[in-house]
Amino acid sequence: MSKEIKTVRFRFSWFYMILVGVIIWMLFDQSAPAPREVNWDHVKQMFLKGDIKEITFVRNEFQGLVTLEPDAVKEYQEENNVTLPPASPHLTFLVSGSFDAEEQFGALNDSLTVRHMKPVRIEVEQRDNIWGGVFEWLLFPLLLLGLWFLMFRGMNQKMGGGSGGPGGVFNVGKAPGKLAEKDSMKVTFKDVAGLYGAKEEVMEIVDFLKNPAKYTALGGKIPKGALLVGPPGTGKTLLAKAVAGEANVPFFSISGSDFVEMFVGVGASRVRDLFRQAKEKAPCIVFIDEIDAVGRARGKNVGFSSNDERENTLNQLLTEMDGFGTNSGVICLAATNRADILDKALLRAGRFDRQIHVELPDLKEREEIFQVHLKGLKLEPDFDVEFLAKHTPGFSGADIANVCNEAALTAARRNKAAIDKQDFLDAVDRIIGGLERKDKIITPEEKRSIAHHEAGHATVSWLLPHANPLFKVTIVPRGQALGAAWYLPEERLLMTRDQMMDEMCALLGGRVAEEIVNGQPSTGAQNDLERLTQMAYGMVKYYGMSDKVGELSFYDSTGARGYDLTKPFSEKTAELIDQEVRGLVDQIHKKTRKILDDNREGFLRLAALLLEKEVIFADDLERIFGPRAGAAVSAESTAAPAENTAETPVHPAEDPDMTDSAAAPADEQE
């Protein structure tokens, strides 16, 4: 069996560390004592006493280096209470420029000869320390250069490469996008569940890349770009990867924020470099994720900054996609969930020829997405995937993946051998509403108020034919909510006036229930009233459902008004809109009050049952009120939650007397 040999590569950082260590050692080394500095008169006295063995005088430095006799070293240290170096020189002295070394030392040695003492050895020399001067002059610039190099080398690594690489400081204008060569992208359309309409459109792009002659023979031109538009988590990036995998062509991927840098002109340079590389690899695909980071409409940037680097980058992108040059064989895909803020020039035909809408999955698509994410999970036998798909309307692909992962964690937390249906239901509850907080302190009066509030929501929604079907009502605190009503909304594409009225009555049911039982409302209906107000103004201002305002809509779907602060209607019309909304809300309040008064006995029984069990289901409402109004609801269709109505407490700034424990539930629909 062969043993793997690991090689150690030399790193430049080691050299820098050693260099800095040597410099620090040279500057701060105090391991040995330095020679003691004395004056010339003191040296003369010691000279005449015979304590000096040798003197070396450096003429150009006007410095003398004194070496003492061994006995004199010990005596000097004891007398002066100092420590001298163990080796020569022991003492040093400085003299002026007029010092005549030959005359002075000659006279002292003559005095020693007269006394019959041994003369002192004298050496006079001239030192030229060229390298020391050079090092002294270059030390500081070298340190600055080293720090500069270390700093920019760290920036290079953060930008995606080492020194000299694609992200190097001298290549800052290079595009940092990632290139996936042919056959390296393993994602195909089989890995993308659902998204039928979007896949059909991008399949044509794949066919263009595989068989261009099929279309050009008839005079057609290959599309230059496609924009994937949709809510977050719907699979836009995954769809772009599948296009590259199916087409079997080089795939450049880059984020819109990668173009914008702190250096002026870098964004435009990176755009040019990206398309230069793409042309060399043509036919290929360029994918720009979150293009709204660089494609925001010009002239609408928030604030008053004078930096137009983003606009310069956008201008270069527009030129590269469709300018004087040609991009034959280069197809640009982009993804965003904010298409409304993109520049109109970017969206025109010839740049992004197609806008592919990637919407939230429907029932069948959710079932397919669940099948993909359940492959690696250990489920109980005969697990019903369709059950989960029916009770997760409005969930995106990312939400479904989160539900599957949370269900696995929940089952592991309970030490189960397999994941069952209840684990998935609890996972949905936790994701939408938050973690249960049974330890939250709630007074009996608050708990009673919460129960009547939720019972009011449940009663009104059950007795109105067009309200969302109710699944479960709970007064167990979850997240920031003290209670919740869970609905199973129908996946409608259109809503009539009667349907909106019933939904608004269901929203107001909790508030009216508190008025009936307590004689006054609480702060818990804040979120209900907020959504009620939005729907009421929407009916009057946007949907033309007011007789007095008429068939008018003041909604700006194009965003053409931008940041225009003026209203698109007169003050008189604004007053009329307010009056119509007020009348509509009063009408809804009276209707809701009548429903609860007519069914007061059942409403109070439901609240008492909720106080007793804390969680009740649609079956409990059916036993009290009979079958739901409008249509028969099967047991299967009311078997799981689909929508959390998590309550939001009033902000302390809005109600100073409000506390967390005093917050009442407010149903919030997705």
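In which helix is His589 found? And what surrounds that helix?

Modeller: Keep in mind that this is a predicted model. The residue you picked, His589, is found in helix H19, which runs over residues 571-598. His589 is partly exposed, because its relative accessible area is 25% and the buried class stops under 20%. Leaving out residues up to four places away in sequence, His589 touches Leu508, Val512 and Glu515. Take Val512 from that set: Val512 and His589 are 77 residues apart in sequence, yet their C-alpha atoms are 7.5 Å apart in space.

Now the helix itself. H19 has 28 residues and reaches 41 Å from its first C-alpha to its last, close to the 40 Å you'd expect at 1.5 Å a residue. Its buried residues are Ala574, Ile577, Glu580, Val581, Leu584, Ile588, Thr592, Ile595 and Leu596. An α-helix has 3.6 residues a turn, so residues three or four places apart point the same way. Keep that in mind as you read along the list of buried positions, which includes Ala574, Ile577 and Glu580.

What do those buried residues pack against? The partners are helix H16 (444-463), helix H17 (497-518), helix H18 (526-542) and H20.

H20 covers residues 600-613 and H21 covers 618-625; their axes come within 10 Å and cross at roughly 145°. The crossing of H20 and H21 is right-handed. On the H20 side the residues that meet H21 are Gly602, Phe603, Arg605, Leu606, Leu609 and Lys613, and they face Asp620, Leu621, Arg623, Ile624 and Phe625 of H21. Sorted by class, that contact has six nonpolar, one polar and four charged residues.

The protein chain has 21 helices and 14 strands. Buried residues make up 42% of its 670 residues. Of the contacts with a separation of 6 or more, 75% are between residues 24 or more positions apart. The pair of His589 and Val512, 77 residues apart in sequence, has a separation of that kind.

Is Thr234 buried or exposed? Buried, because its relative accessible area is 7%. Its side chain has a polar atom 2.8 Å from the backbone oxygen of Pro231. Beyond its neighbours within four places in sequence, Thr234 is in contact with Leu195, Val358, Glu359, Leu360 and Ser396.

H8 has twelve residues, which should span 16 Å at 1.5 Å a residue; the end C-alpha atoms are 17 Å apart, so the two agree. The buried residues of H8 are Lys236, Leu239, Ala240, Ala242, Val243, Ala244, Gly245 and Ala247. They pack against helix H6 (196-210) and the strands S7, S8 (251-255), S9 (284-289) and S10 (330-336). The partners listed for H19, by contrast, are helices. After H8 comes Asn248, with a positive phi near 55°.

S9 and S10 turn up again around H10 (309-321): what covers the buried residues of H10 includes helix H9 (266-281), S9, S10 and helix H11 (344-347). Those buried residues are Glu309, Thr313, Leu314, Gln316, Leu317, Leu318, Glu320 and Met321. H10 has 13 residues and reaches 19 Å end to end between C-alpha atoms, close to the 18 Å expected. Glu290 sits in the loop between S9 and H10. It isn't a glycine, but its phi is positive, near 50°. Glu290 is partly exposed, with a relative accessible area of 34%.

The peptide bond from Ser88 to Pro89 is cis, with omega near -5°. Asn81 is in that loop too, and it has a positive phi of about 55° without being a glycine. Asn81 is exposed, with a relative accessible area of 72%.

Technical notes: Residues are numbered from 1 along each chain as its sequence is written. This is a predicted model: local features need pLDDT of at least 70, side-chain atom pairs count only at pLDDT 80 or more; totals for chains, interfaces and linings use all residues. Side-chain values use heavy atoms; hydrogens and water are left out. Axes are lines fitted to C-alpha atoms, for helices over the stretch in contact, and angles run from 0 to 180 degrees between N-to-C directions. Helices (H or I, at least four residues) and strands (E, at least two) are DSSP runs, numbered from the N terminus. A crossing is left-handed if the near helix is turned anticlockwise from the far one by less than a right angle, and right-handed if clockwise. Contact means heavy atoms within 4.5 Å. Ala, Val, Leu, Ile, Met, Phe, Trp, Tyr, Cys and Pro count as nonpolar, Asp, Glu, Lys and Arg as charged, and the others, Gly among them, as polar. Buried means under 20% relative accessible area, exposed over 50%, partly exposed in between (1.4 Å probe, protein chains only). A polar contact is a pair of N or O atoms within 3.5 Å; within protein, one must be able to donate a hydrogen and the other to accept it, and residues adjacent in sequence count only if both atoms are side-chain atoms. The expected span of a helix is 1.5 Å times one less than its number of residues.
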